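Below is a short briefing on one structure.

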Amino acid sequence: MTVLVAIDFSRQSRKALDWAIDYAVARNEDMVVAHAFAGSRTALGVKDGHLDPIGQVEAEMNMGDAVELTGKWSQDARDAGIEVTTVAEKAKPADFILEQAQKAHATIIVIGSRGHGALKRTLLGSVATKVAAEATCPVVVIPPSED
Amino acid sequence: MPSGPIVAGIDFSECGGAALDAATELAVALDVELVLVHAFSPERYVPALMGDAGSELMAEAHAERSQDEAIEFSQIWAERAREGGATVRTIAEDGDPKELLIQYASEEKASMIVVGTHGHKGFKRFVLGSVAEALVRDAGYRVLVVPKRSKK
């Protein structure tokens, strides 16, 4: 069985990866580490209702950096003894995660939530809620406040 | 991995059953206790199709039965989780599902809240039910959201 973890190099997605590693080790499952390269800082900022420093990092990253970083994060899972596949593509995050989960026959998806900014009441929908609503398998959403 | 219990919201819906099973599996895998929270409220026991006439009377009758039914229902599902190997406690209370789940998650120092994508208020594909949506947005807890037909 396979756990798919969605990463965007944010703190929340690091928590998601750490949780997924513990889970995969406990259940002896394989892992897919998936990153959708969004590229645009503006898009991320608008989505959260404020400028997101993570978005800034991503805006300066190119696809090659994203692939390299995905590989680096995946290594932590491999070091825990998990069999890991990585996928990183320029894509719409929620659609990409759902598509990759289907493809890998994932039995669980783990994803960090960016939480909400000032516009939380007007801008409905985040990547995590979209994934949770549309996935055919259970989805673990890791909150932004978790330390 | 934190060892706090898993707090699962359960109801009569299909998603509730899937959530129970996913929560059971997870509690067993992570070796933590499972706390089943069933929030019931009398008005939910009034069938949606009921007309205005006589509905008040029916609602009263439902309210009287609802607590007993909720407890009985919780016990049945607790048994199902125990058969799955989990250590289970049940809580059945009159109240708002989201608030009860957050309250008990806090009291129990839960490591996770588990809910179905949709409760009994209806199923809309591609839109999260109100309880799941609210928990994912605001709870500050890890939330496992379980769809109706969970692929095993």
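**Strand pairing and burial**

In chain B, strand β1 (residues 6-9) is joined to β2(B) by four bridges, and the two run parallel. Strands pair if DSSP finds at least two bridges between them. The model is predicted: local features need pLDDT of at least 70, side-chain atom pairs count only at pLDDT 80 or more, and totals for chains, interfaces and linings use all residues. Residues are numbered from 1 along each chain as its sequence is written, chains are lettered from A and ligands numbered from 1 in the order in which they are written, and side-chain values use heavy atoms, without hydrogens and water.

Strand β2 of chain B
- I6(B) has L34(B) of β2(B) as its bridge partner.
- β2(B) also pairs with strand β3 (residues 88-94) of chain B, in parallel over seven bridges.
- In β3(B), A92(B) stands opposite H38(B).
- Seven of the seven residues of β2(B) (residues 34-40) are buried, so the strand is largely enclosed by the rest of the structure.
- Buried means under 20% relative accessible area (1.4 Å probe, protein chains only).
- One side of β2(B) holds L34(B), L36(B), H38(B) and F40(B), the other V35(B), V37(B) and A39(B), and all are buried.

Chain B overall
- Chain B has four helices and five strands, where helices (H or I, at least four residues) and strands (E, at least two) are DSSP runs numbered from the N terminus.
- Their order along the sequence is β-α-β-α-β-α-β-α-β.
- Of its 152 residues, 48% count as buried.

Helix α6 of chain A
- The buried residues of α6(A) (residues 127-134) include V131(A) and A132(A).

Notes. Buried means under 20% relative accessible area, exposed over 50%, partly exposed in between (1.4 Å probe, protein chains only).
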